[in-house]
Amino acid sequence: IETSDFRDFASTSAPYYGQNGIELDEVNEYTSLTSGSGNGVHFEFNSAGYIIFYNASTGLRTFTFLLEEPYEYEKLGIAFTNKTVSVGPSEKHILPVDSRYKQADGNIYIESSGSDCKLQIIKRYTIV
């Protein structure tokens, strides 16, 4: 997902997110994922503030953050597992972007358990 596609609260064009917030039911604002391994999306960590997960199905779906196992963990024999977010039927969940999800290339990678899984990224802001 390109940074230019992130939802932006500072937008000065309609629907003026900064004034009214973000309408979570605008389904055309979500990026659709497909089912299976390697199906996901990735986006730049530094510009992302929040992730909104949307399960458009009638069953439970999971979104999986693909995490890199630190070499130090492997040396010590510590198992490292990916983080998953479970989202119920027709539900939306919001999660702040966490630096623990970032891979060495600076991106976050997310896969889904179904082709009816969608997500959108809310842009991060820094006040200077």
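Tutor: Let's start with a definition: a residue counts as buried under 20% relative accessible area, as exposed over 50% and as partly exposed in between (1.4 Å probe, protein chains only). The model is predicted, so local features need pLDDT of at least 70 and side-chain atom pairs count only at pLDDT 80 or more, while totals for chains, interfaces and linings use all residues. Residues are numbered from 1 along each chain as its sequence is written, and side-chain values use heavy atoms, with hydrogens and water left out.

Student: Is I78 buried, exposed or partly exposed?

Tutor: First find I78 in the loop between α2 (71-76) and β5 (83-87); helices (H or I, at least four residues) and strands (E, at least two) are DSSP runs, numbered from the N terminus. The relative accessible area of I78 is 39%, so I78 is partly exposed.

Student: Which residues form a nonpolar patch on the surface?

Tutor: Patches are made of residues with over 30% relative accessible area and no salt bridge, where like charges are joined within 9 Å and nonpolar side chains (Val, Leu, Ile, Met, Phe, Trp, Tyr) within 5 Å. Accessible areas come from the Shrake-Rupley method with a 1.4 Å probe, and for residues only the protein chains shown count as cover. With about 300 Å² of accessible area together, the patch is formed by Y73, L76 and I78.

Student: How many aromatic pairs are there?

Tutor: Rings of Phe, Tyr and Trp (its six-membered ring) pair if their centres lie within 6.5 Å; planes under 30 degrees apart count as stacked, over 60 as edge-to-face and the rest as tilted. By this rule, the number of aromatic pairs is five.

Student: What is the relative accessibility of E29, which meets R7 in a salt bridge?

Tutor: A salt bridge is a side-chain nitrogen of Lys or Arg within 4 Å of a carboxyl oxygen of Asp or Glu, and E29 and R7 meet at 3.7 Å, N to O. E29 lies in the loop between α1 and β1 (31-32) and R7 in the segment before α1, so parts 22 residues apart in sequence are tied together. R7 is buried, with a relative accessible area of 2%. E29 counts as partly exposed because its relative accessibility is 28%.

Student: Over which ring does the charged end of K92 sit?

Tutor: K92 also meets D25 in a salt bridge (2.6 Å, N to O). K92 lies in strand β6 (residues 92-96) and D25 in the loop between α1 and β1, so the bridge ties together parts 67 residues apart in sequence. A charge sits over a ring if NZ of Lys or CZ of Arg is within 6 Å of the ring centre and within 35 degrees of the ring normal. The charged end of K92 is 4.5 Å from the ring centre of Y54.
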